[in-house]
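Hi,

Here's the structure I promised to send over. Have a look first, then read on for my notes.

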Amino acid sequence: MSSFLGPLYTLWLEDFEVDARKIHIRDRGELFNLAEIKTVCSPRSIDVSEDLINMYFDYIAQFHTDEVDTNHVFIKLSGENKGQPLEYTDVVALVQRLRDKTGIYFTPHMLRHTSLTELRKAGWRDEHLMNRAGHAHIQTTMQMYIHPSDEDIRKDWENAQERMKINKENKEKNE
């Protein structure tokens, strides 16, 4: 779970480049909250949606008040350590509470797999997925993180069949 969570609780306010809609993921080594990015190609920038940037602004305005003395983005929202940087154990506890409440088993790392799979389905090229994930090898991304459904495979087959049919018809017309 930590390889997905690492970037989450290592993010600092200055890692968000709001005008460019980017988040810069930086390897800072292990931090005092035990956060550490473990992907090989960790220093990278990822593009994010305008909606995410707006949510970031809303979150910062609501929770990063004058009493907060950290530049970590994600902080504890209640309790005696309110305003302190979020730690791995905090996220693990949150995920467990959500699983208990919903009855749905998931891990934060599953969100990483789902994100990359959905980007692939949306037409992202393999090398772009690899860069976004921070992997050194395309095989890691494609073999471990991309999970097409049977329906996805069927649609790709049907689309390929249609393209081959069109290409064959065009070739016959040109002969």
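Below is what turned up when I went through the model.

First off, keep in mind that this is a predicted model. The protein chain has 175 residues, 31% of which count as buried. Its secondary structure comes to seven helices and three strands, and along the sequence the pattern runs α-β-β-β-α-α-α-α-α-α.

The three strands make an open sheet in the order 1-2-3, with antiparallel pairing. Strand 1 and strand 3 are the edge strands, each pairing on one side only. Strand 1 (residues 16-17) and strand 2 (residues 22-25) are held by two bridges, and Phe16 sits opposite Ile23 of strand 2. The hairpin of these two strands has four residues between them, and Arg21 there takes a positive phi near 55 degrees.

Salt bridges

There are 10 salt bridges in the whole structure. One of them sits in the sheet: Lys22 and Asp47 stand opposite each other, and their closest N and O atoms are 2.7 Å apart. That pair links distant parts of the chain, with Lys22 in strand 2 and Asp47 in strand 3, 25 residues apart. Lys22 counts as partly exposed at 24% relative accessibility, and so does Asp47 at 46%.

Another to look at is Glu87 with Lys76, at 3.6 Å from N to O. Lys76 is buried, with a relative accessible area of 14%, whereas Glu87 is partly exposed at 29%. The two also belong to a network of salt bridges that includes Asp90.

Then there's Arg120 with Asp126, where the closest N and O atoms are 3.1 Å apart. Arg120 is partly exposed, with a relative accessible area of 34%, and Asp126 is partly exposed too, at 25%.

A charged patch

What gathers on the surface as a patch of negative charge? That would be Glu162, Glu169, Glu172 and Glu175. Glu175 is in the segment after helix 7 (150-174). Its relative accessible area is 70%, so Glu175 counts as exposed, the cut-off for that being over 50%.

Cheers

Methods
Residues numbered from 1 in each chain as written. Predicted model: local features only at pLDDT ≥ 70, side-chain atom pairs only at ≥ 80, totals over all residues. Heavy atoms only, no water. Patch = residues over 30% accessible without salt bridge, like charges linked within 9 Å, V, L, I, M, F, W, Y side chains within 5 Å. Areas by Shrake-Rupley, 256 points an atom, 1.4 Å probe, with all protein chains shown as cover. Salt bridge = Lys/Arg side-chain N within 4 Å of Asp/Glu carboxyl O. Lys, Arg positive; Asp, Glu negative; His and termini not counted. Charge placed at Lys NZ, Arg CZ, Asp CG, Glu CD. Buried < 20%, exposed > 50% of the residue type's maximum accessible area, 1.4 Å probe, protein only. Pairing = 2+ DSSP bridges.
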